[in-house]
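This report describes one protein chain for a reader who is new to structural analysis. Please look at the sequence and the model before reading on.

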Amino acid sequence: MKKYLYYPSFEPPNTEWLKFSLLYLEKFESIVPYERQYLISDDYRQISNETDLVDLYSPSFQQGERASEKAIWQAERILNHPYRTSGRFNRINLKRDWNNKLNWNFQIYSEKFSYQFGQFCVENKIGVQNADGLLLPKELAYLFMTHLAKEISFDRNGSIITDNSEFDHYTNYSRVFKPAVRHRNEFMKGILQLIIPTDISNVSFNQLIEFRNQNRNRISEFNRQIENVEDSIGNGLTEQAFIESFKNSYKELTEQILLLGARATVIPLASYMLINDPNALTEEYAKNILTALGIGLGGYFAVKKSLINTESKRSCKKYFANVSLLK
């Protein structure tokens, strides 16, 4: 299973992103210190308590230390060369912006950073300490959280994800995201956008939580199928083409039986029995069906192979059918 770490906030402020995550992500973690977990929203807490989608990860002291050291180094470069570096955050002069107290409105909690980072921000007049930690300009807060997320994901061998696109230029410069991971997740969202018959903002969290829990295994199959075609996604496979490939799941099995010499007139019934009966692959039961079709025992193993190869495809197809009923 792929490991994902969400940042920069405690939780996604974009509820649509979170709703899609309930439908297509296996699991992700968000960076929430133990002492601050009471601050998450009721919806996020419900998702964490009632599904396996979200885990809250409290950063270690060492992770905060390393992130702080790297954030200081990069912030010093920005302060010393503001015109050369500010463009990464779509600004002209970040030093001037960071020295403006009116811009100190993003909270970084004390459990995340080192004493040295706090002193650095105060001494350079780019932030202020408060009872909870530091108030910083949003670009500096994002810079720090980027380094913290990278430290955590490195330790846990995971991938970083976000719904924040404001500072894409900086995240690309910092090599935060593996391009394949971002492309993969956008592809999966695109698939679901094509098959959900209503605006997902009109579907409640309660409905989506219930749906996820009822279709948990199929979400895993969906992810496995995406992994199987990741090269094709990189080469331009469209979401619609992916969906069509699963609509043809039954057709592929029918063709396999045709190749074994069965009479076309009995294929629909036999296919239905083989696909839908959970006992159909027990040897005795399969021999009876295939004998009735005029297929020898060698044919049974060929059909069994075909079924195994399309098992997760059929599960994925059923998942699409269930998603399409969401209203």
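Where is the place of asparagine 93? Asparagine 93 sits in the loop between helix H4 (82-85) and helix H5 (94-98). Helices (H or I, at least four residues) and strands (E, at least two) are DSSP runs, numbered from the N terminus.

## Basis of the report

The model is predicted: local features need pLDDT of at least 70, side-chain atom pairs count only at pLDDT 80 or more, and totals for chains, interfaces and linings use all residues. Residues are numbered from 1 along each chain as its sequence is written, and side-chain values use heavy atoms, with hydrogens and water left out.

## The chain as a whole

The protein chain contains 17 helices and seven strands. Of its 327 residues, 48% count as buried; buried means under 20% relative accessible area, exposed over 50%, and partly exposed in between (1.4 Å probe, protein chains only).

Contact means heavy atoms within 4.5 Å. Among the contacts in the protein chain with a separation of 6 or more, 75% are between residues 24 or more positions apart.

## The surroundings of asparagine 93

Asparagine 93 has a relative accessible area of 9% and is therefore buried. Leaving aside neighbours within four places in sequence, asparagine 93 is in contact with Pro82, Tyr83 and Ser86.

With tyrosine 83, the side chain of asparagine 93 forms a polar contact of 3.3 Å. A polar contact is a pair of N or O atoms within 3.5 Å; within protein, one must be able to donate a hydrogen and the other to accept it, and residues adjacent in sequence count only if both atoms are side-chain atoms.

## Salt bridges

Side chains of opposite charge can pair when their charged atoms come close. The whole structure holds 13 salt bridges, each defined as a side-chain nitrogen of Lys or Arg within 4 Å of a carboxyl oxygen of Asp or Glu. One of them joins glutamate 26 and arginine 216 (2.5 Å, N to O). Glutamate 26 lies in the loop between helix H1 (15-24) and strand S2 (28-31), and arginine 216 in helix H11 (residues 216-228), so this pair ties together parts that are 190 residues apart in sequence. Glutamate 26 is buried at 9% relative accessibility, and arginine 216 is buried at 15%.

Arginine 216 also forms a salt bridge with aspartate 52, with the closest N and O atoms 2.8 Å apart. Aspartate 52 lies in the loop between helix H2 (42-50) and strand S3 (54-57), so its pairing with arginine 216 in helix H11 links parts 164 residues apart in sequence.
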